[in-house]
Amino acid sequence: MLSLPLVVFTDPLDLFPPQGRSWESAAAETVHEMARRSVPLVFVSRGTRAELEVVRRKMGNQHPFITESGGGLFVPEGHFRQRPQGAETIRHYHQISFARPYAEACSALDEAAQEAGVEVVGFHHMSAREVAENSGLPPRIADLARLREYDELFFFAGEEGSASGRLAEAARPGGWKITQGERFWHFSGGGNVAGAMRRVMELYRTARHGRVRSIAIGANRHQAPMLASAGRAVVLPLSNGRYDEELLESLPAARRAETGGVEGWSATVLAALGADA
């Protein structure tokens with residue numbers, strides 16, 4: 001009996017950074033094999049559409065992708081026979097939004113901060129140069145990170161301890177939430193990684209007239225919603241060779257890959273494709 005068709009979910013900004021070219025040697029063969037078998041590679045990222053477009057162009061990726069921690073799902077025009085229900089057309093994409101617009105997030109962040117009596121510095125307060133200085137990103141990539149459509153990134157100008165709790169309390173009545181990222185805090189309203197991935201799978205099941213299985217591959221705790229929402233989750237070791245213990249605790253059924261980075265990602269994908277041989 002043939003195995004079910006496969007969809008692969010991954011966060012590309014750690015594995016295939018826009019400023020790097022490591023994917024060309026380590027993952028090109030895997031990506032080619034996926035294309036040969038018509039296996040979609042769907043990006044799920046905290047990054048913006050502009051950031052992901054850089055990686056997609058490098059890799060020749062033409063599949064749907066999810067931005068800003070589940071804020072939006074973008075489906076290239078013509079990828080499916082029918083336009084996804086409820087989608088808006090923007091440039092050459094069908095856009096399905098799960099979070100409230102960026103302009104609303106910025107206004108709500110400023111209002112909540114004022115109410116809570118805390119001082120925050122958001123991306124909308126900074127120039128591209130200032131974002132680059134505070135994030136460590138190259139100026140060109142920092143500029144792409146500022147082209148946000150859903151959630152706002154910010155940091156506290158003073159002590160974070162009690163400030164984060166007060167801000168969260170002030171934001172909650174309006175339906176907004178704050179979450180802590182690796183470098184910045186996120187302020188958003190309605191982002192839904194699980195819902196966006198579920199919508200992707202519904203589209204592929206409709207297009208392929210049947211069941212489709214999914215696998216998500218990641219290494220960091222901020223990828224937990226993506227990993228938890230796939231049929232199978234594989235956790236890669238971090239660059240130091242160790243696993244993110246918090247991530248493993250939240251995903252007790254996840255499999256552990258032996259190798260990290262692009263090499264581990266490629267080995268995991270090829271092993272999953274082997275089930276379809």
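Because the model is predicted, local features need pLDDT of at least 70 and side-chain atom pairs count only at pLDDT 80 or more, while totals for chains, interfaces and linings use all residues. Residues are numbered from 1 along each chain as its sequence is written, and side-chain values use heavy atoms, with hydrogens and water left out.

Let's start with the sheet. Helices (H or I, at least four residues) and strands (E, at least two) are DSSP runs, numbered from the N terminus. Nine strands, 9 in the order E5-E6-E4-E3-E2-E1-E11-E12-E13, make up an open sheet with mixed pairing; two strands pair if DSSP finds at least two bridges between them. At the edges sit strand E5 (88-90) and strand E13 (255-256), each pairing on one side only. E13 pairs with strand E12 (residues 232-235) in the parallel sense, over 2 bridges, and Val235 has Arg256 in E13 as its bridge partner. Helix H4 (residues 49-59) packs on this sheet, touching E2, E3, E4, E5 and strand E6 (93-97), where contact means heavy atoms within 4.5 Å. The direction of H4 makes about 150° with that of E3; axes are lines fitted to C-alpha atoms, for helices over the stretch in contact, and angles run from 0 to 180 degrees between N-to-C directions. Helix H9 (residues 193-207) packs on the sheet too, and its direction makes about 155° with that of E1.

Next comes the helix pair. The axes of helix H3 (residues 28-36) and helix H12 (residues 261-274) come within 9 Å and cross at roughly 25°. H3 and H12 are therefore roughly parallel to each other, a label for angles under 35 degrees. Thr30, Val31, Glu33 and Met34 in H3 meet Trp265, Ser266, Val269, Leu270 and Leu273 in H12.

Now for the loops. Ser38, in the loop between H3 and strand E2 (41-44), has a positive phi of about 60° although it is not a glycine. Ser38 is partly exposed, at 47% relative accessible area; the term covers values between buried (under 20%) and exposed (over 50%), using a 1.4 Å probe and protein chains only. Ser69, in the loop between strand E3 (65-67) and strand E4 (72-76), likewise has a positive phi, near 55°, and is partly exposed at 34%. Leu147 lies in the loop between helix H7 (139-145) and strand E8 (152-156) and touches Thr48 and Ala50, not counting residues up to four places away in sequence.

How values were computed. Angles under 35 degrees count as roughly parallel, over 145 as roughly antiparallel, 65 to 115 as roughly perpendicular and the rest as oblique.
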